Amino acid sequence: MTDFGSALAAAFSLVIHLDRDLGEIVLLSLRVSVIAVFVAALIGLPIGAAVALFRFPGRTVVAVILNALMGLPPVVVGLIVYLLLSRAGPFGVLGLLFTPTAMVIAQILLVTPIIAALTRQVIEDLWVEYEEQLRSLGAKPRRALATLLWDGRFSLLTAVLAGFGRASAEVGAVMIVGGNIDHVTRVMTTAIALEVSKGDLALALGLGIILVVLSIAVNGAAFVLKGTAERGQAR
Amino acid sequence: MLPKPVWLGLCLALVLSGAAQADDPFITVASTTSTKNSGLFDHLLPRFEDATGIAVRVLAVGTGQAIRLARNGDADVLLVHHKPSEQQFVADGYGVARLDVMYNDFVLVGPADDPARIGGMSDAPAALARLAAAAVPFLSRGDDSGTHKRELALWRAAGIEVGTVSGSWYREAGAGMGATLNTAAAMSAYALADRGTWLGFRNKADLTILVAGDQRLFNPYGVILVNPAKHPHVKAALGQRFVDWLVSPQGQAAIAEFRINGEPAFTPNAAPP
Amino acid sequence: MTAERSILPLELRQVGFSAGRKLLIKELSCTFSANSRSVIIGPNGAGKSLLLRLCHGLLAPSAGSIVWHGAAGREPSFYQAMVFQRPVMLRRSVAANINFALSLRRVPRGARPALIRDALKRTGLSRFARHQARVLSIGEQQRLALARSWALRPQVLFLDEPTASLDPSATHVIEEVIDAIHRAGTKVIMTTHDLGQARRLADEVLFLHRGRLLEMAPSEAFFAGPRNDLAQAFLRGELLWWQRRELTPP
Ligand SMILES: Nc1ncnc2c1ncn2[C@@H]1O[C@H](COP(=O)(O)OP(=O)(O)O)[C@@H](O)[C@H]1O
Ligand SMILES: [Mg+2]
């Protein structure tokens, strides 16, 4: 396929020439996704762990909803955030629409259920193993929760990476609430969508290749980190 | 319910995500993919910014969505191409006034081998009628954009009820101009495109212009300042300067100067001052 | 610590425990007093582990009551510790595992290193202090579990078959540690299916069979000749399968 050849060439030339616009777009993509995943982890980890640990009425319903929300269509999330942040909406006065903050908010909504649902699974398994020991030592629920999150950290890293994957690959939501504004809210995925709509498939694919490489780099870094930390530690 | 470190983290993240956001004066313009994707804005905005120091953030969506954004007060200026909707927008009190800026035209594109034999026709509705008779694939935007609205008007003029044949030879992409052209190119379908997007489009495959020049393919663009009486936060003063500049001799000259692959894409037509 | 009030004796009054419709512990009454080493023996599935969990407070009895020095107990108290049949080690270093237990008991940070060093020394684990707990062998992990409990200086230590999966020499080490903990003043309540171990460690023996306490006697008296005929059969290694389950003989 000639398209693949020219796509590779386009990607290569973008990187070789250290295209400034490209750098800006990549940095914004990373900034938005990293912040969104950071916040989503702050919310999703404790929620997932709490659902795993505590028996409360409606617990199963919450677990089912969390799992279902993992498949939330980004466009729907984008639309909801748009309606909330629009000047005509309840949070319009904040003036956040079409800013990176709006994109971060949309991605938080997308990623939190993923992290929470995967965390619930990990923590539930770990709790089976730890419950008696922790209760025997006199751990209060809060402390038990913190201990499980810490001891499950390597498995939870995978949950967080899954969230990052979703955030950085997602286009529907950030397109709607960010607006794909040049130098302001343009990220990798919306830039790709734009090039596709211009019919410049080679450039779009080139950007796609760079996105994939970035994603591999982030995941690889996480695994190296995990490997070093885990060395000599039985699972 | 959330512990303290979580709240601290949330605040930190909010600050970070807002950090490094330009606080230069800027306005938000809701416009169409045709103006953005053709490269017109990339040509005009640096000149405007040099002249005024005002940055312009462009939202390139379909005309219908652009109007909805402006109606919600999410843009300061509207630059679109569907005169009836624009006039309605102003009549409803959402816009201050509609001013002519420029025009180009729509073109009927299709596969070069032209199975329906419409190439060279100068009557657009008649050409569409021939497409319907031949039942050759036609790809519609189907997204409530200015181009889509114009296409529907042309079908009406041709006396063809496309609503009933949608899904057979008449297909609705529900997508922007570029995405629609990509699909049309892949399936060798006919389509209506605005000339600006068409000229800048890189994936034409065997598509080519078959019908152009009909009066009814005339495609005027209007600019409207969103009414600050409806939405007090609208940057009326800055937005007005953008409107004024577009219709000024400098702005009009900049539009006339714009070329895509050496061809002029838009003709300025603002009323002389 | 010597000034603290004793939580013993531990009294079980008509304790029953059922899961679903199965009655697993039946009307069990007994008293554990301070200082002696009580060893619960009985065939597999007799309910030894269940009984320990009930005493420790990990399970709530479905009938009767469990009373510590006159007060009904619930969750495991600060003065108790338990070593499980399969050691559960946190995913951190050997020293950190002990430190974690101490921090849960609100032992001041400054007092912990000495307690950790002492516990590791007494269990022969000093050189593993910085190793990951989960790479230790099962025998070492079991010693670490003992060290972790010891560092807490509990009044009562529950041990559930602490040597079940260990070789003789590892078993010997564990038994020495248990003995040392006991001599340091801790009440030991443990289960075992190893009669030799029961002979070596027990001051008093409880014979459990199908959820029922059939005999409770001082060690010497019990091993000299239990009054209960099932206990006799068990000692002779002749407790037959149909006597274990509730079936009539063929
Ligand atoms: N949570 C439970 N639910 C149902 N049955 C159980 C449960 N825990 C233990 N049992 C059953 O109770 C009996 C006694 O178990 P256990 O106390 O582990 O025996 P052992 O004397 O070998 O330690 C066994 O038959 C076991 O299957
Ligand atoms: Mg057992």
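Among contacts in chain A (heavy atoms within 4.5 Å) between residues at least 6 apart in sequence, 75% join residues at least 24 apart. The model is predicted: local features need pLDDT of at least 70, side-chain atom pairs count only at pLDDT 80 or more, and totals for chains, interfaces and linings use all residues. Residues are numbered from 1 along each chain as its sequence is written, chains are lettered from A and ligands numbered from 1 in the order in which they are written, and side-chain values use heavy atoms, with hydrogens and water left out.

Chain A contains 10 helices and 0 strands, where helices (H or I, at least four residues) and strands (E, at least two) are DSSP runs numbered from the N terminus. The C-alpha trace of chain A spans about 65 × 50 × 30 Å along its principal axes. Of its 235 residues, 52% count as buried; buried means under 20% relative accessible area, exposed over 50%, and partly exposed in between (1.4 Å probe, protein chains only).

Two packed helices are described by the angle between their axes and the distance between the axes. In chain A, the axes of helix α5 (residues 100-137) and helix α6 (residues 141-151) come within 9 Å and cross at roughly 120 degrees. Axes here are lines fitted to C-alpha atoms, for helices over the stretch in contact, and angles run from 0 to 180 degrees between N-to-C directions. α5(A) and α6(A) are therefore oblique to each other; angles under 35 degrees count as roughly parallel, over 145 as roughly antiparallel, 65 to 115 as roughly perpendicular and the rest as oblique. Residues of α5(A) that meet α6(A) include Thr119(A), Ile123(A), Trp127(A) and Leu134(A), and those on the side of α6(A) include Ala144(A), Leu148(A) and Asp151(A). The residues of this contact between α5(A) and α6(A) divide into 8 nonpolar, 2 polar and 1 charged. In this division Ala, Val, Leu, Ile, Met, Phe, Trp, Tyr, Cys and Pro count as nonpolar, Asp, Glu, Lys and Arg as charged, and the others, Gly among them, as polar.

In chain B, the axes of helix α6 (residues 124-134) and helix α7 (residues 146-158) come within 8 Å and cross at roughly 80 degrees. That makes α6(B) roughly perpendicular to α7(B). The residues of the contact of α6(B) with α7(B) divide into 9 nonpolar, no polar and no charged. Ala124(B), Pro125(B), Leu128(B), Ala129(B) and Ala132(B) in α6(B) meet Leu154(B), Trp155(B), Ala157(B) and Ala158(B) in α7(B).

Of the 2 pairs of chains that touch, chains A and B have the most contacts. Chains B and C do not touch, and their nearest C-alpha atoms are 19 Å apart.

In chain C, helix α8 (residues 229-236) has Ala231(C), Ala233(C), Phe234(C) and Leu235(C) buried. The elements covering these buried residues include β3 (37-41), β9 (204-209) and α7 (219-224) of chain C. After α8(C) comes Gly237(C), whose phi is positive, near 75 degrees.

Two loop residues of chain C were also examined. Glu161(C), in the loop between β7 (156-160) and α5, is buried, with a relative accessible area of 7%. Its contacts, not counting residues up to four places away in sequence, include Lys48(C), Gln85(C) and His193(C). Ala184(C), in the loop between α5 (168-183) and β8 (187-191), is exposed, with a relative accessible area of 56%.
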